[in-house]
Amino acid sequence: MQRRTFIVSLSAVALSGTLWQNAALASTVVAGESPYGPLGEPDANGVALPAGFSSRVVARSGHSVGGTLWHPAPDGGACFADGTGWIYVSNSEVPLVGGASAIKFRADGSIDRAYRILSGTNLNCAGGRTPWNTWLSCEEIFRGKVYETDPYGARGAQQRPAMGKFKHEAAACDPDHRVVYLTEDEDDGCFYRFVPNVWGELSSGRLEVFCTDNLWRAVPDPAPGVFQKQTRHQVSAARHFDGGEGCHYADGVCYFTAKGDRSVWAYDATRQTVTAIYDSTGTLTGIDNITGTQGGDLYVAEDGGNMEINIITPGRVVAPVMRLDGQSESEITGPAFSPDGTRLYFSSQRGTSGERAGTGGITYEVSGPFRR
């Protein structure tokens, strides 16, 4: 496929110290703007990459990795430093057993071992890492819960019901304002923040919802019963987003995606405003999981579409950085960079089989000269 690079329409939103200035939407190709160049032909793993990048498969659902059977339907993920190595955690979006697993890597990138960090939960979709090195695994079910887990496997997982019971998707911690942002995967879902009583302790606090007047209001009952009014309907002024997905915080801005809106949104925590920084007019479709780098680049994975991860740069360029071949019935999940920024992990949730809860999931690692 020919390289396609598009400029996106933006409002003044701060990103990693760079001001994203107003720009008119341009739908024409901008030659030479992609930071990595065009994608090549798919490699032996079916991954199309720019020159200088390489891929490997690190795990397959239903197969042993590091002494542990890798879970089906891998979804949200994150990396954690671990001495000279690192750990990649991944959720399992299947009912009843769900949970999450972790792969421990040595300094040279070889796999030391793998292990479960959460079991017996439902449809664990996305989540988010915390500044105190835990993984928040979120259930994407009616009255779903958030579980705080230990990626190092030393402590048992803990439910965090104060963070609300709803169809959770992703979480992003904001250490500057000491809150945790939360997305909701409903066609009239909301954008929430959890304000803990003590930063670093998520067992108690206040759940708030973002409203149409750019104010946050407390959700009266964060954990409603089955026949009680759900969190997204408890505050009449709440602003709704169609299908909240990934969530990423950096330098005063929380970026979150909504698949139904087909947009990447940016919440400016200083101005308390939400602006669409990408409105699907470009190469990025099926907007889903999102992550970012210290240098300000965003990486957004596609649910379906042509199975790409696209970069959104501070210079207003949107372009594919990888594409999976022959997996159109799947979705890309769990993008996360290793602590040194040289390796990108992600999964194809259903692989080439297209099975929703089968054994087709594939977890990849891409190495190369990523911008940091």
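Q: Which residue in β25 is the bridge partner of V264?
A: This is a predicted model, in which local features need pLDDT of at least 70, side-chain atom pairs count only at pLDDT 80 or more, and totals for chains, interfaces and linings use all residues. Residues are numbered from 1 along each chain as its sequence is written, and side-chain values use heavy atoms, with hydrogens and water left out. Strand β25 covers residues 273-278 and runs antiparallel to β24, with 5 bridges joining them (two strands pair if DSSP finds at least two bridges between them). Within β25, V264 has as its bridge partner Y278.

Q: What residue of β24 stands opposite V253?
A: Let's look at the other neighbour of our strand. β23 and β24 pair in the antiparallel sense, over 6 bridges. In this pairing, V253 faces D268.

Q: Which residue in the turn between β23 and β24 has a positive phi?
A: These two strands form a hairpin, with 4 residues between them. One turn residue has a positive phi of about 55 degrees, and that residue is R262.

Q: Which residue in the turn between β24 and β25 has a positive phi?
A: β24 and β25 also form a hairpin, and 4 residues lie between them. The turn residue with a positive phi, about 55 degrees, is Q272.

Q: Is strand β24 largely enclosed or largely open?
A: A residue is buried when its relative accessible area is under 20%, exposed when over 50%, and partly exposed in between (1.4 Å probe, protein chains only). In β24 (residues 263-268), 6 of the 6 residues are buried. Because of this, the rest of the structure leaves β24 largely enclosed.

Q: Which residues of β24 point the opposite way from S263, W265 and Y267?
A: In a regular strand, side chains alternate between the two faces of the sheet. S263, W265 and Y267 point one way from β24, and the residues on both sides are buried. Pointing the other way are V264, A266 and D268.

Q: What is the relative accessible area of D251?
A: D251 sits in the loop between β22 (244-250) and β23 (253-258). Although D251 is not a glycine, its phi is positive, about 50 degrees. D251 is partly exposed, because its relative accessible area is 47%.

Q: What is the relative accessible area of M307?
A: M307 is in the loop between β27 (298-302) and β28 (308-312). It is a residue other than glycine with a positive phi, near 60 degrees. M307 counts as buried, because its relative accessible area is 1%.
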